[in-house]
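Here are some quick notes from going through the model. Have it open alongside as you read.

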Amino acid sequence: MAVTVRIPTILRTYTNNEAEVSLPDAGETLQSALTALEAAAPGIGARILDDKGALRRFVNVYVDDEDVRFTNGLETPLTQTSAIAVIPAVAGG
């Protein structure tokens, strides 16, 4: 299954400054898509997932505009038209 992943500016060093990465073989879940993303852009996975393989606390991931923390997390299913967005959390004071 092919999906598109939108990459934030801060992580584009892993994608040759590409704002979007197309993953022709993303699989059927967000987890499989992130594995494919790591294969396409080595090193980016460690910026999205922690050492235990969970989403990092300050990285938000959306599948089709839905925050995966409120759906099925890494098991969120993908469709042929799914779009994934990786968005670092912003804090201020």
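1. Helices (H or I, at least four residues) and strands (E, at least two) are DSSP runs here, numbered from the N terminus. Two strands pair if DSSP finds at least two bridges between them.

2. Before going on, the ground rules. This is a predicted model, with local features needing pLDDT of at least 70 and side-chain atom pairs counting only at pLDDT 80 or more, while totals for chains, interfaces and linings use all residues. Residues are numbered from 1 along each chain as its sequence is written, and side-chain values use heavy atoms, with hydrogens and water left out.

3. In what order do the five strands of the open sheet run? The order is 2-1-5-3-4, and the pairing is mixed. Strand 2 and strand 4 are the edge strands, each pairing on one side only. Helix 1 (residues 30-40) packs on this sheet and touches strand 1, strand 2, strand 3 and strand 5; contact means heavy atoms within 4.5 Å. The helix direction makes about 110° with that of strand 2, where axes are lines fitted to C-alpha atoms (for helices over the stretch in contact) and angles run from 0 to 180 degrees between N-to-C directions.

4. Val 3 and Val 5 make up its covered face, with Thr 4 and Arg 6 on the uncovered one. Arg 6 takes part in both: Glu 20 is its bridge partner in strand 2, and Ala 85 stands opposite Arg 6 in strand 5.

5. Two loop residues for the backbone check. Most residues other than glycine have a negative phi. Asn 16, in the loop between strand 1 and strand 2, has a positive phi of about 55° although it is not a glycine. Asn 16 is exposed, at 68% relative accessible area (buried is under 20%, exposed over 50%, partly exposed in between; 1.4 Å probe, protein chains only).

6. Asp 64 also has a positive phi, about 50°, without being a glycine. Where is Asp 64 found? The loop between strand 3 (59-63) and strand 4 (66-67) holds Asp 64, which counts as partly exposed at 36% relative accessibility.
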